[in-house]
Amino acid sequence: MATVNFGRREILCKIVYYGPGLCGKTTNLQAIHGKVPEKMRGNLTSVATQQDRTLFFDLLPLEIGKIRDFTIRLQLYTVPGQIYYNASRRIVLKGVDGVVFVADSQMGKMEENVESLENLKENLKSNGVDPTTVPVVLQYNKRDLSPLHSIDELNQKINPNNLSYYEAVATTGHGVFNTLKGITALVVSDIKTKLESADKDTAKASPVAKPAQPAPKPAAAPAQAQPTPQAQPQPQAQPQAAPVEAADELKEPDSTPARKGFWQKVSTLFKGER
Amino acid sequence: MLNLQDVERDLDNLHRTQSVLDRIVAEAEALGVFLVDMDGFLVAESGNIEIDRVALAALIAASFGATAEIARLLKENDFDRLTHQGSNRSLFIGKAGSRHILIVVFGGETNLGLVKLYAEKAAEHLGEFLDVKPKAAKQADQAQDAESTPPSEEGMFPAWMDNQE
């Protein structure tokens with residue numbers, strides 16, 4: 001689960017962009033960095049070779065709003081895609097809260113995509129993480145090039161279980177924010193569920209519990225009656241429906257003041273999407 | 001799952017951590033002291049130094065992870081203390097328990113021996129109370145131990161991939 005720092009009143013989430021070499025992971029982060037307002041993001045830090053290939057990771061911190069007075073900070077990481085940097089990939093994957101798997105759509109790249117996906121699973125396991133518990137979305141990148149694998153082919157080979165997927169051209173920024181929205185929705189939904197469970201548990205244990213001032217005790221807020229938004233990837237009858245649903249999820253109106261502010265900030269942040 | 005006891009314990013730990021970091025700044029004449037977790041997130045800090053804290057925390061955690069891998073290759077248990085010496089600024093990095101890293105940034109006029117003296121003791125002390133597992137984590141561990149069936153991977157990866165194992 002994401003790291004909750006009560007003293008600094010922040011929730012920190014680690015999202016890792018994973019995929020084969022030269023699939024466009026760093027380009028995704030550069031596109032986000034270029035479009036997000038400066039006050040909502042930190043610096044883009046890269047540990048790269050002299051040829052600008054990722055040697056260890058790229059890091060882009062983003063601030064996306066608040067839940068119950070806790071600022072949610074995303075840290076977007078990439079991993080080096082080349083096969084021989086596996087130890088670095090495993091280190092970057094430590095403590096991951098969500099994964100964007102960036103696939104190269106070009107003909108002849110399928111084997112690398114499949115290999116990288118398998119490697120993701122192995123590295124999660126070697127870090128002691130059950131791969132089924134980590135939210136994952138797929139991005140089919142380089143859709144402007146040719147010849148390309150069709151979406152059906154990509155789904156058949158690397159997405160038989162209908163995870164949410166997004167078509168993208170990271171060099172122009174197209175689809176980059178839809179992908180980010182998709183993974184953010186999954187990760188945030190996971191956090192919200194856990195915070196709300198804490199609310200309910202606290203309310204049961206101590207009905208008179210109220211947040212003490214000024215100590216931050218978000219778990220003492222009244223329990224929420226409304227259901228948590230479903231953001232886990234669901235099997236889709238129509239494959240194209242997944243990205244649309246994930247995007248709508250972020251626009252969902254809500255009557256709770258804290259959540260309304262959160263969703264508003266998220267939509268402001270994502271205005272960069274064309 | 002979060003609960004109030006764990007929140008209170010975390011806040012108490014943060015207050016204790018903060019006073020330890022403040023003391024290092026005062027007594028070891030450090031420019032800045034940071035506590036980060038192994039995932040690269042900043043937990044607490046003290047001192048007055050202009051630096052990109054987010055990048056520092058991520059880079060140090062990654063560097064520490066890389067060093068642990070090197071230790072493994074050398075069949076060494078761990079390298080739990082690192083120093084980087086520059087002409088103007090230097091770093092002491094030490095493992096604080098199993099989940100945290102203490103970083104001390106100090107200037108050329110500060111003696112490395114003095115920093116090590118305070119920082120090593122502080123790292124040890126921090127590890128003692130930060131390593132105590134929260135109640136929620138203990139419960140999660142117990143629940144996991146109780147489960148006899150291996151985790152299902154249905155819905156995540158292609159079936160053919162699973163079949164290879």
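In what order do the five strands of the open sheet in chain B run? Select chain B of this predicted model and colour its strands: the order across the sheet is β2-β1-β5-β4-β3, with antiparallel pairing. At the edges are β2 (42-47) and β3 (81-85) of chain B, each of which pairs on one side only. From one strand to the next the twist averages 15°.

Next, select residues 32-37 of chain B, which make up strand β1, and follow the five bridges that join this strand to β2(B), the two running antiparallel. Within this pair, B:Phe34 can be picked out opposite B:Glu45, which belongs to β2(B).

Helix α3 of chain B, residues 112-130, lies across β1, β3, β4 and β5 of chain B and runs at about 30° to β4(B).

From here, centre the view on B:Leu102, which is found in strand β5 of chain B. B:Leu102 counts as buried because 27 other C-beta atoms lie within 10 Å, where 20 or more are needed. Leaving aside residues up to four places away in sequence, B:Leu102 touches B:Leu35, B:Gly94, B:Ala96, B:Ala119, B:Ala122, B:Ala123 and B:Leu126. A distance drawn from B:Leu102 to B:Glu45 gives 9.7 Å from C-alpha to C-alpha, although the two are 57 residues apart in sequence.

The next selection is B:Ile24, which, together with B:Val36 and B:Val104, has the most contacts inside the largest nonpolar core, a set of 99 residues. With residues up to four places away in sequence again not counted, B:Ile24 touches B:Ala30, B:Val33, B:Val104, B:Tyr118, B:Ala119 and B:Ala122.

Finally, move to chain A and select strands β3 (residues 45-48) and β4 (residues 54-67), which run antiparallel and are joined by three bridges. A:Ala48 stands opposite A:Thr54 of β4(A). The two strands form a hairpin with five residues between them, and in the turn A:Asp52 has a positive phi of about 65°.

Methods. Residues numbered from 1 in each chain as written. Chains lettered and ligands numbered in written order. Predicted model: local features only at pLDDT ≥ 70, side-chain atom pairs only at ≥ 80, totals over all residues. Pairing = 2+ DSSP bridges. Helix = DSSP H or I, 4+ residues; strand = E, 2+ residues; numbered from the N terminus. Core = buried A, V, L, I, M, F, W, Y, C linked by C-beta atoms within 7 Å. Buried ≥ 20, exposed ≤ 12 C-beta atoms within 10 Å, placed from the backbone. Contact = placed C-beta atoms within 7 Å. Axes fitted to C-alpha atoms, helices over the stretch in contact; angles between N-to-C directions.
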